[in-house]
Amino acid sequence: MRAHHDFTKPFLAACGAALLVLSTSLADAQSASKADLEDMAITHPADLTTAKLENTIGTRCALGDGVPQNYGLAAQWFDKAALHGYAKAEYNLGMQYYFGQGVSKDRTKAAYWWEKAAAQGIAAAQYNLGNLYFLGQGVPQDYGKASLWWRKAAALGNTQATRNLATLARLHPEYQTVAAVEKKTVGAP
């Protein structure tokens, strides 16, 4: 979903030393080999077909692909697909809330939708959720949860998550190992 925002430009983290970037849209961030994982809906196969179509319409509205660009309409279509449990739409809806495209900017709602997508294995959502926990945007600041989500994203091939983990380990050595993170994190995902 690229329109007026370039999601690949980095922004400085609250501590100044860590560099975080928001993951790009799934089309750019994920490889084709992971398409089957991403095309999951937590409901029935008929809902998956409907959700995929709704997400596609939302994407076209957001990009202005064959239709006039309309973020509000895109958010409505993403919401319909997300309510079917479609992970790509949950991720996209989180992006809409994060940037305030077609909806009011709301980091708490972005975190909510990214957490749903992250739980279904969307690496971009896991990475972005880690960023929110690291910065304390829309969720309480929690380096342990940031580390856990970045580790999940890194395990799925997100290289920026690996870099963020290294930065976190330098800034806070107590988060260097998985065991240490799990011990420090209450209610780990």
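Mentor: Helices are DSSP runs of H or I with at least four residues, strands are DSSP runs of E with at least two, and both are numbered from the N terminus. This is a predicted model, where local features need pLDDT of at least 70 and side-chain atom pairs count only at pLDDT 80 or more, while totals for chains, interfaces and linings use all residues. Residues are numbered from 1 along each chain as its sequence is written, and side-chain values use heavy atoms, with hydrogens and water left out.

Trainee: Thanks! What does the secondary structure of the protein chain come to?

Mentor: Reading along the sequence gives the pattern β-β-α-α-α-α-α-α-α-α-α-α. The secondary structure is therefore counted from those DSSP runs, and the total is ten helices and two strands.

Trainee: What percentage of the 189 residues counts as buried?

Mentor: Buried means under 20% relative accessible area, exposed means over 50%, and partly exposed is in between, with a 1.4 Å probe and protein chains only. By that cut-off, the buried part of the protein chain's 189 residues is 46%.

Trainee: Which residues touch the most other members of the largest nonpolar core?

Mentor: A nonpolar core is a set of buried Ala, Val, Leu, Ile, Met, Phe, Trp, Tyr and Cys residues joined through side-chain atoms within 4.5 Å. The largest one here has 43 residues, and those touching the most other members are Tyr91, Leu93, Trp114, Ile122, Ala125, Phe134 and Trp150.

Trainee: And which helices each supply at least two residues of this core?

Mentor: In general, nonpolar side chains tend to be buried together in soluble globular proteins. In this model, the helices that each supply at least two core residues are α3 (45-63), α4 (71-82), α5, α6 (107-119), α7, α8 (143-155) and α9 (159-171).

Trainee: Is glutamine 96 buried or exposed, and what does its side chain reach?

Mentor: Glutamine 96 has its place in helix α5 (residues 87-99). Its relative accessible area is 0%, so glutamine 96 is buried. At 3.4 Å, its side chain reaches the backbone oxygen of tyrosine 71.

Trainee: At what angle do α5 and α7 pack, and how far apart are their axes?

Mentor: Two packed helices are described by the angle between their axes and the distance between the axes. Axes are lines fitted to C-alpha atoms, for helices over the stretch in contact, and angles run from 0 to 180 degrees between N-to-C directions. For α5 and α7 (residues 123-135), the values are about 35° and 10 Å.

Trainee: Which residues in α7 do Tyr91, Met95 and Tyr98 meet?

Mentor: Contact means heavy atoms within 4.5 Å. With that cut-off, the three α5 residues meet Ala124, Ala125, Asn128 and Leu132. By class, the contact of α5 with α7 has six nonpolar, one polar and no charged residues.

Trainee: Moving on to α8 and α9, at roughly what angle do the axes cross?

Mentor: Among the residues that meet here are Trp150 in α8 and Leu165 in α9. The two axes come within 8 Å, and their crossing angle is roughly 145°.

Trainee: Which backbone nitrogen does the side chain of asparagine 158 reach at 2.9 Å?

Mentor: Asparagine 158 lies in the loop between α8 and α9 and counts as buried because its relative accessibility is 13%. A polar atom of its side chain lies 3.1 Å from the backbone nitrogen of glutamine 160. The backbone nitrogen at 2.9 Å is that of alanine 161.

Trainee: Last one: how far apart in space are serine 104 and glycine 72, C-alpha to C-alpha?

Mentor: Serine 104 has its place in the loop between α5 and α6, and it counts as exposed because its relative accessibility is 61%. Serine 104 and glycine 72 are 32 residues apart in sequence, and their C-alpha to C-alpha separation in space is 9.9 Å.

Terms used:
A polar contact is a pair of N or O atoms within 3.5 Å; within protein, one must be able to donate a hydrogen and the other to accept it, and residues adjacent in sequence count only if both atoms are side-chain atoms. Ala, Val, Leu, Ile, Met, Phe, Trp, Tyr, Cys and Pro count as nonpolar, Asp, Glu, Lys and Arg as charged, and the others, Gly among them, as polar.
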